[in-house]
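This report concerns the packing of side chains in a single model. The sequence and structure are shown below.

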Amino acid sequence: MKIVVQRNPSEDVLKAKGVRGWPRWGCGVSKFPWTYQENETCYVLEGDVIVTPNGGEPVQIKAGDMATFPAGMSCTWDVKAPINKHYNFH
């Protein structure tokens with residue numbers, strides 16, 4: 001299972017996906033386990049996080065990045081700077 005990160009997608013890409021209309025979620029500096037029940041795509045507005053899939057390589061995701069997480073993936077979120085993101089389950 002792999003996290004796919006798109007660095008600094010264009011505004012056209014964001015509009016095409018309707019990102020600005022997605023719900024928002026945020027959290028402060030913290031470290032916690034997470035398991036994705038569904039595929040999730042998120043667009044990070046602010047912050048910096050290192051997401052490490054169980055048994056996989058760490059992936060840094062920061063402001064301006066769009067990331068897609070696969071359903072069934074368990075990982076650890078290590079939030080280095082407070083996160084604010086739009087997200088969409090699909």
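Predicted model: local features only at pLDDT ≥ 70, side-chain atom pairs only at ≥ 80, totals over all residues.

**Nonpolar cores.** The largest nonpolar core comprises 15 residues, and the members that touch the most others are Ile3, Val49, Val51, Ile61, Phe69 and Trp77. At least two residues of this core come from each of strand S4 (40-53), strand S6 (65-69) and strand S7 (74-89). Beyond residues up to four places away in sequence, valine 49 touches Val59, Gln60, Ile61, Trp77, Asp78, Val79, Lys80 and Ile83.

**Histidine 86.** Strand S7 contains histidine 86. This residue counts as buried because its relative accessibility is 4%, under the 20% cut-off. A polar atom of the histidine 86 side chain lies 3.0 Å from the backbone oxygen of tryptophan 22. Neighbours within four places in sequence aside, histidine 86 is in contact with Val19, Arg20, Trp22, Pro23, Arg24, Thr41, Cys42, Tyr43 and Leu45.

| Pair | Centre to centre | Angle between planes | Geometry |
|---|---|---|---|
| Tryptophan 34 and tyrosine 36 | 6.4 Å | 75° | edge-to-face |
| Tyrosine 87 and phenylalanine 89 | 5.5 Å | 65° | edge-to-face |

Tryptophan 34 is partly exposed at 42% relative accessibility, whereas tyrosine 36 is buried at 2%. In the other tabulated pair, tyrosine 87 is partly exposed at 21%, and phenylalanine 89 is partly exposed with a relative accessible area of 38%. One aromatic cluster is formed by Trp25, Phe32, Trp34, Tyr36, Phe69 and Trp77.

Conventions:
Residues numbered from 1 in each chain as written. Heavy atoms only, no water. Core = buried A, V, L, I, M, F, W, Y, C linked by side-chain atoms within 4.5 Å. Buried < 20%, exposed > 50% of the residue type's maximum accessible area, 1.4 Å probe, protein only. Helix = DSSP H or I, 4+ residues; strand = E, 2+ residues; numbered from the N terminus. Contact = heavy atoms within 4.5 Å. Polar contact = N/O pair within 3.5 Å; in protein donor to acceptor, adjacent residues only side chain to side chain. Phe/Tyr/Trp six-rings, centres within 6.5 Å; stacked < 30°, edge-to-face > 60°.
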